[in-house]
Amino acid sequence: MDFLLTEEQRMIGETARKVGDRFGLEYWRELDAAKAFPGEFWKAVCEAGLCGVALPTEYGGSGLGMIEMALIVEALSASGGGSTVGQLFMINPIFGGVSIAKFGTPAMKRELLPRIISGEINCCMALTEPDAGSNSLEIQTFAARHGNGWRLNGRKIWITGVESAEKMLVIARTSKVQDVKRRTEGLSMFLVDVRRKGLSYSSIEKLGTNTLSSCSVFFEDVDVSGDELVGTLDGGWYELLDVLNTERIVTTAGLVGAAELAFRIAVDYAKERRVFGGRPIGEYQGIQFPLAQSFAEVECARLMNHKAASLFDRGLPYGTEANVAKLIASQGASNGIEHAMQTLGGMGFAKETHLERLWRDARLFRFAPISEQMILNFIAMQNLGLPRSY
Ligand SMILES: Cc1cc2nc3c(=O)[nH]c(=O)nc-3n(C[C@H](O)[C@H](O)[C@H](O)COP(=O)(O)OP(=O)(O)OC[C@H]3O[C@@H](n4cnc5c(N)ncnc54)[C@H](O)[C@@H]3O)c2cc1C
């Protein structure tokens, strides 16, 4: 067991930090207010070779691992972007990159991986439906056989990054529930063009993560060609889970970086701000303890996330570690950013100190991409051996 990063890993983290520092907090504040996609930032990330870090070298990636990707997301998030940086990595190198690299056809890999890695195209992923949230196996979107391909009908909700994406990874039923033995059968993944006849979307007003819009998506007789299937027809469920567990790793890394940034802002302020008797407020234990408690939780999440990433990179099961890390990170970061806001008093409420953005954004990850309760259900069954409660 070796807890030390290699020299190469330290340098990758340092490179990411430098890229992030070129943008800084004001850049993100302006984009948040404008509800605009961070295109320039993503271009810089891709030009520095950071998007493709865990993707195959023959398509322009670096062929390194998920641990390097976690370090990059932590550093970029801590430099100003906050937890939404995790989502940017989620939609592109994970939903686009990992799904194609693991399950795509050779033609998909040749055509799309270099374009995702260079930042030429963006991706998104459509699983959630209005009547099937946490219970993903209830999805109704259906791809019916049509000529050599399929015809897609249905509705999705909360799909992130649609407006800036060229490709959408869609999860649909390809066999009716009554025609399969288990509900986990009969699901498939497709990679379709966002701007295709019959596919429409409308943006949802929301609390935070404003730089990445989230949309309702409608499929009305959308034609999908035979070569747009990703992975196994009717056998997509377990392949999708393999993709989604890597999503947890970048989510956690984004939260760890966001908390690191919030602690830095709070500590800088607490060392300077004097209220009673000329002593800086940072000398009070009432200010120190909540921040120290959250720091401890976030560091545990970071370590568990690195373990999940290392297991993934060695081809070993990593679902428990990825979910445990995400659970603790979402709580630790939300609480930590809340304590950071409290440290700044009224100024924590001001846009100019950036904490309110970090606070709004981090709140999302207590219920997405998987909720705390569903992770606890998973741990109760998988790790404790308790019966299924739902
Ligand atoms: C901003 C945003 C971006 C998103 N981006 C995407 C995206 O890009 N692609 C995509 O496919 N989806 C996306 N989602 C959807 C997200 O993954 C879901 O919101 C999440 O999985 C929870 O589903 P739900 O909202 O339907 O909640 P529900 O499933 O309705 O759950 C509501 C509450 O009930 C609890 N609950 C439900 N079942 C149980 C149970 N058995 N035991 C205990 N508690 C339970 C949940 O934990 C939750 O607290 C996004 C959501 C948001 C808000």
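Which domains does the domain assignment give for the protein chain?

1. The model is a predicted one, and the assignment for its protein chain gives domain 1 (7-122), domain 2 (124-232) and domain 3 (238-382). The centres of domain 2 and domain 3, taken over C-alpha atoms, are separated by 30 Å, and the contact between these two domains takes 8 residues from domain 2 and 8 residues from domain 3. On the side of domain 2 that touches domain 3, the residues divide by class into 3 nonpolar, 5 polar and no charged.

2. The ligand is surrounded by 23 residues, of which G133, S134, S371, Q373 and Y390 are the closest. Strand 1 (123-126), strand 3 (149-160) and helix 11 (372-382) are the elements that give two or more residues to this shell. Domain 2 (124-232) and domain 3 (238-382) each supply at least three residues to the shell around the ligand, whose residues comprise 13 nonpolar, 9 polar and 1 charged.

3. Turning to helix packing, the axes of helix 4 (residues 66-81) and helix 5 (residues 84-103) come within 8 Å and cross at roughly 140°, and the two helices are therefore oblique to each other. Helix 4 makes this contact through M69, V73, L76, S77 and G81, while helix 5 contributes T84, V85, G86, F89 and P93. By class, the contact of helix 4 with helix 5 has 6 nonpolar, 4 polar and no charged residues.

4. The residues of helix 10 that are buried are L355, R357, L358, W359, D361 and A362, and a reader looking at the structure may wish to inspect R357 and D361, which are among them.

5. Is E166 buried, exposed or partly exposed? E166, which lies in the loop between strand 3 and strand 4 (167-173), counts as partly exposed because 16 C-beta neighbours fall inside 10 Å. Leaving aside neighbours within four places in sequence, E166 is in contact with I121, N122, D193 and V194. E166 and E120 are 46 residues apart in sequence, yet their C-alpha atoms are 9.4 Å apart in space.

Technical notes:
Residues numbered from 1 in each chain as written. Predicted model: local features only at pLDDT ≥ 70, side-chain atom pairs only at ≥ 80, totals over all residues. Axes fitted to C-alpha atoms, helices over the stretch in contact; angles between N-to-C directions. Helix = DSSP H or I, 4+ residues; strand = E, 2+ residues; numbered from the N terminus. Parallel < 35°, antiparallel > 145°, perpendicular 65-115°, else oblique. Contact = placed C-beta atoms within 7 Å. Nonpolar A, V, L, I, M, F, W, Y, C, P; charged D, E, K, R; others polar. Near = placed C-beta within 6 Å. Domains from an automatic or database assignment. Buried ≥ 20, exposed ≤ 12 C-beta atoms within 10 Å, placed from the backbone.
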